[in-house]
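Hi there,

Here is the structure I promised to pass on. Have a look at it first, and then read my notes below.

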Amino acid sequence: MAVRNQLIHRPPHAVWAVLADPTLYGEWVVGPSESSPLDQAWPEVGSRLRYTVRLGPWAAEGVTTVRHREPGRELELEASLRALGTARIFLQLRPWGEDTLVVCDEHPLRGLGGALHNPAIEALLQLRHRGMLARLARIVEQEHAGAGAGARHA
C-alpha cells in the first residue's frame, strides 16, 4: 500500500476545487496523457472520467470512477486500465493550520496489477505519488496565488 503526504500551502477548499474539476485531472495525475469526463456530475459517487495512457507507441484507455467522497475532505477513486486491472486511490485533505496536508493512499485491487504487486511496484508508486502530489500542489498554489487574503507564499 503506497501512502504519501504533501503539504499544500492553501486551505482544503482550494485543493478540493482542483480535485473537483475534471478538466484538470490530466494536469495533476501522473500517467494519463489525455482525460475527459464521461459524466457531468464529477465528482459525485459513480461519476467517471476516461483517460489515455501512452508509453511510446503503446496506448491504452482507462476509466476512473468515484467510489466515495466527502466534499472538501475525501475523494476515493477506482482507476481501471484494462491491461493492468484496477487500483484504489484515496485522497484525504487534512487542515494543517492555514494549509492542507494531502494524504494519498493507492493500492491495486484486481487484475494483473494486483497479481504482480510487490516491493518494486510499491517503489514505483511512491515515485508516481511524489510527482502527482507535487503537480497538485503547484496547480492549487498557482491557481489561487492571487486569491486575496488566503493567498500566501508558493
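Helix H2 (25–28), strand S3 (48–55), strand S5 (74–81), strand S6 (85–96), strand S7 (99–110), helix H3 and helix H4 (119–143) each give at least two residues to its lining. H4 supplies the largest share, with five residues. The volume of this pocket is about 870 Å³. It is lined by 33 residues, and those closest to its centre are Leu81, Leu84, Glu106, Leu125 and Arg128. What kinds of residues make up the lining of the largest pocket? There are 22 nonpolar ones, seven polar ones and four charged ones.

Before going further, keep in mind that this is a predicted model. The mean pLDDT of the protein is 86, and 90% of the residues reach 70 or more. Helix H1 (residues 12–19) has the highest mean among the elements, at 96, while H3 (residues 112–115) has the lowest, at 68. Watch out for residues 148–154 too: the pLDDT there is below 50, and the stretch has twelve contacts in the model beyond near neighbours in sequence.

Back to H1 for a moment. Six of its eight residues are buried, so it is mostly covered. The buried ones are Pro12, Ala14, Val15, Trp16, Val18 and Leu19.

Is Ile89 buried or exposed? It has a relative accessible area of 7%, and buried means under 20%, so Ile89 is buried. Leaving aside neighbours within four places in sequence, Ile89 is in contact with Leu75, Glu76, Leu77, Ala79, Cys104, Asp105 and Glu106. Take Leu77: it is twelve residues from Ile89 in sequence, but their C-alpha atoms are 5.1 Å apart in space.

Finally, the aromatic rings. A search of the whole structure turns up two aromatic pairs. One is Tyr25 with Trp28, edge-to-face, with 5.9 Å from centre to centre and 75° between the planes. These two are about one helical turn apart, because they are three residues apart in helix H2. The rings of Tyr25 and Trp42 have their planes at 75° and their centres 6.4 Å apart, so this pair is edge-to-face. Tyr25 is in H2 and Trp42 is in the loop between strand S2 (32–37) and S3, so the pair ties together parts that are 17 residues apart in sequence. Tyr25, Trp28 and Trp42 form one aromatic cluster. Tyr25 and Trp28 are buried, and Trp42 counts as buried at 8% relative accessibility.

Cheers

Notes
Residues are numbered from 1 along each chain as its sequence is written. This is a predicted model: local features need pLDDT of at least 70, side-chain atom pairs count only at pLDDT 80 or more; totals for chains, interfaces and linings use all residues. Side-chain values use heavy atoms; hydrogens and water are left out. pLDDT is the predictor's confidence in each residue, from 0 to 100. Helices (H or I, at least four residues) and strands (E, at least two) are DSSP runs, numbered from the N terminus. Contact means heavy atoms within 4.5 Å. Buried means under 20% relative accessible area, exposed over 50%, partly exposed in between (1.4 Å probe, protein chains only). On a 1 Å grid over the protein atoms alone, a cavity is a set of points where a 1.4 Å probe fits but cannot get out, and a pocket is an open set with protein on both sides within 12 Å along at least five of seven lines; lining residues have an atom within 4 Å of a point. Grid points are joined across faces, edges and corners, and a volume is the space filled by probe spheres set on the points. Ala, Val, Leu, Ile, Met, Phe, Trp, Tyr, Cys and Pro count as nonpolar, Asp, Glu, Lys and Arg as charged, and the others, Gly among them, as polar. Rings of Phe, Tyr and Trp (its six-membered ring) pair if their centres lie within 6.5 Å; planes under 30 degrees apart count as stacked, over 60 as edge-to-face and the rest as tilted.
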